Amino acid sequence: MHYSPRQLYYAACAMAERPVAGGSTVQLGCGGTMVLIAVVGGVLLSIYLGLLLIPALLLVNQGRITRRAELNRPTTRPLAVGYQDFLAGHLDPLRAAHPERLAGLLDTYSPPEGPGGTPLVVCDQAETAAVLNANLAAAGVAAHAVAAEAATARLAGETRVFCLHDADPSGCALPLRMRDRLPSAEVVDIGLRPGHIQGRRIPVLEGAPAVVGVELSGLLSPEEVVWLADGRRVEVAILGPAELVAAVGAAVDPQVRLRPSGTGRVLSVERSPIPVVEIGPRPAGG
């Protein structure tokens, strides 16, 4: 599948990370086995085997403590390298030395506008629209994407549009901007929003406190508004091309069966990885 440099960046950072230790499973498994040996062996074989019960219970208790610590581990994670450093130090040299290894990389962010009559996905980033247009047709999804700043001509006559954006103040306000531009159309927000981030161990970019428009208070929860105001943001490029196409395909047609190019398997999508939020037409007089 085709992908953007930023998607490759996030995938490379994920591969460079050390795996998350899961020591609680080992501790609980060993402790439970020792308890079984101590009880059964102490009754059937030798009473001395029953002495294993004390260290076994201690190991089980330590496993419970470790499991609690693992569950409370922060769900965000730092990135291995900055994006600009990744481009200059890794992607550009690879592109120059072995361009064949990057056959799926998109070098242009000028996505063609699709014909009318098909679901339209408006993206806040041009590269997101480019990735979708390069993969949707190959996956069997009858939809087209367009960048928000270039969507004026394509939006004429649309009665329903889907918005896909980063989880930042500007991106989260995209559905509201589309509703203002299309007062009689139905606008569907398919993410990414701060509420979709919680509970997932994904990279969160942190910066200076941000100004969050008051209009977002009617769309986001108070917790999401505070999350954005603290300077946090997440880019939709954290989703690889397959997951991104799956999210859009399930949003525009929940019954769609995706066939990613370059593979022989069929990926059936039952629901979007990103929850769908109906924005609806602009209220009369609003």
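Before the first stop, a working rule: two rings of Phe, Tyr or Trp (its six-membered ring) count as a pair if their centres lie within 6.5 Å. Keep in mind that you're looking at a predicted model. A search of the whole structure turns up 3 aromatic pairs.

Start by selecting Y9 and Y83. Their ring centres are 5.2 Å apart and the planes sit at 65 degrees, so this pair is edge-to-face, as planes over 60 degrees apart count that way. The two residues come from distant parts of the chain: Y9 is in helix α1 (residues 5-16) and Y83 in helix α4 (residues 83-97), 74 residues apart. Y9 is buried at 3% relative accessibility, and Y83 is buried too, at 14%.

F86 is buried, with a relative accessible area of 6%.

Bring in Y10 as well: ring pairs link Y9, Y10, Y83 and F86 into a cluster. Then show R6, which lies over the face of Y83, 4.0 Å from the ring centre.

Next, head for the surface. Select L36, V39, V40, L44, L45, L53 and L57, which make a nonpolar patch of about 690 Å². Helices α2 (23-44) and α3 (53-71) each give two or more residues to this patch, and α2 gives the most, with 4. Zoom in on L57 in helix α3: this leucine is partly exposed, at 48% relative accessible area.

Last stop: S221, in the loop between β7 (205-206) and α9 (222-229). S221 is partly exposed at 27%.

Conventions:
Residues numbered from 1 in each chain as written. Predicted model: local features only at pLDDT ≥ 70, side-chain atom pairs only at ≥ 80, totals over all residues. Heavy atoms only, no water. Patch = residues over 30% accessible without salt bridge, like charges linked within 9 Å, V, L, I, M, F, W, Y side chains within 5 Å. Areas by Shrake-Rupley, 256 points an atom, 1.4 Å probe, with all protein chains shown as cover. Salt bridge = Lys/Arg side-chain N within 4 Å of Asp/Glu carboxyl O. Buried < 20%, exposed > 50% of the residue type's maximum accessible area, 1.4 Å probe, protein only. Phe/Tyr/Trp six-rings, centres within 6.5 Å; stacked < 30°, edge-to-face > 60°. Lys NZ or Arg CZ within 6 Å of the ring centre and 35° of its normal.
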